[in-house]
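Dear colleague,

Here is the structure I said I would pass on. My notes follow below it.

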Amino acid sequence: MILLLALLLQFPDSLPPKPPAPPAAWLALIGAYASGGDTLYVFEDRGALALLVKPPGPARLAAVSDSVFTLAGPRPLLYDVEHVVFRAGEIQVGQVILRRLAMGPADGGQLRLQPMRPVAELLQIDRGLVPPAESGGGAFLAPDLVEPARLDSTLHLDIRYATTNNFLGSVFYPSARAFLQRPAAEALVRAARALRRLGYGLLIHDAYRPWYVTKVFWDATPPESRWLVANPAQGSKHNRGAAVDITLYDLATGRPVEMPSTYDEATPRAVADFPGGTSRQRWHRALLRRVLEAEGFTVNPSEWWHFDYRDWQRYPILNRPFEDLLK
């Protein structure tokens, strides 16, 4: 049977109220399960567990016990079964048993990739290279990189690439700073102002990135995971100072909110319209996207945390190291 993910989340015209947290016991059931080449997603939606199947849509579940559920409401013909049974590390749908897939880091922290070459070696090599020539010539706007956190104190920083807490486990920046072209930075300030009324703030993971760092990312990342990084031959919107990796945090606690995936996670959960996880996680993601899109940003379809500012193509690829920007 075919159980591939085929449903995209559609954002409503107005954001609904924040959903309640699901029962804690369900968190161990939510996830992806596979048998052969087939994948099944279990997620929480409006207070019920659901199985994600091909159209006509997801099948909602009704609890019989903590681990046994029945299909509630209309049943997709694909699942003409009486019970869905969860066991440690697997799910049984009718006679089919699917094993739970590991998605993201087990501790909820930072997913790591094994670099193809030592990062320290690549930093020495790539820092001396020159970015690709561009055809924009004199049509580019003059760069004006500023620090958004200096414009609004509620813009917080968690710059992973200034630490080893990133997907390659290496330090790339000499200090935990974030720079953006001034119009993009001012747009973030406006977004932060809108979020404050709802009790949320913006947490920046990355912004301007020198081109040589993008080249190191590419050279160190295994080919099957390169969708996570930009091709240095074209340059990155981060290199132009017009992209930001960002999430929400709770103003009352200072803690980042839950999202469908962790940051820089090279799994299907990172997709901007991934329909799995919990209603609250998707609500947080939708709120972040709604507020930033209202200020001229566009989400990267492959990464819910990555937003490009509308005028990114008007800025040149930059390769100025952080040390020069801090002078």
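**Helices, sheet and barrel**

Helix 5 (residues 279-293) lies across strand 12, strand 13, strand 14 and strand 15, and runs at about 130° to strand 13. Helices (H or I, at least four residues) and strands (E, at least two) are DSSP runs numbered from the N terminus. Axes are lines fitted to C-alpha atoms, for helices over the stretch in contact, with angles from 0 to 180 degrees between N-to-C directions; contact means heavy atoms within 4.5 Å.

This is a predicted model, in which local features need pLDDT of at least 70 and side-chain atom pairs count only at pLDDT 80 or more, while totals for chains, interfaces and linings use all residues. Residues are numbered from 1 along each chain as its sequence is written, and side-chain values use heavy atoms, with hydrogens and water left out.

Helix 3 (residues 182-196) lies across strands 12 (200-206), 13, 14 and 15, at about 145° to strand 12. The open sheet has five strands in the order 10-12-13-15-14, with mixed pairing; two strands pair if DSSP finds at least two bridges between them. Its edge strands are strand 10 (156-157) and strand 14 (297-300). Strands 13 (243-250) and 15 (303-309) are antiparallel over three bridges, with Ala243 opposite Asp308.

Eight strands form a closed barrel in the order 1-2-3-4-5-6-7-8, with antiparallel pairing. Strand 1 (31-35) pairs with strand 8 (96-100) over two bridges, and Ala34 stands opposite Arg99.

Regards
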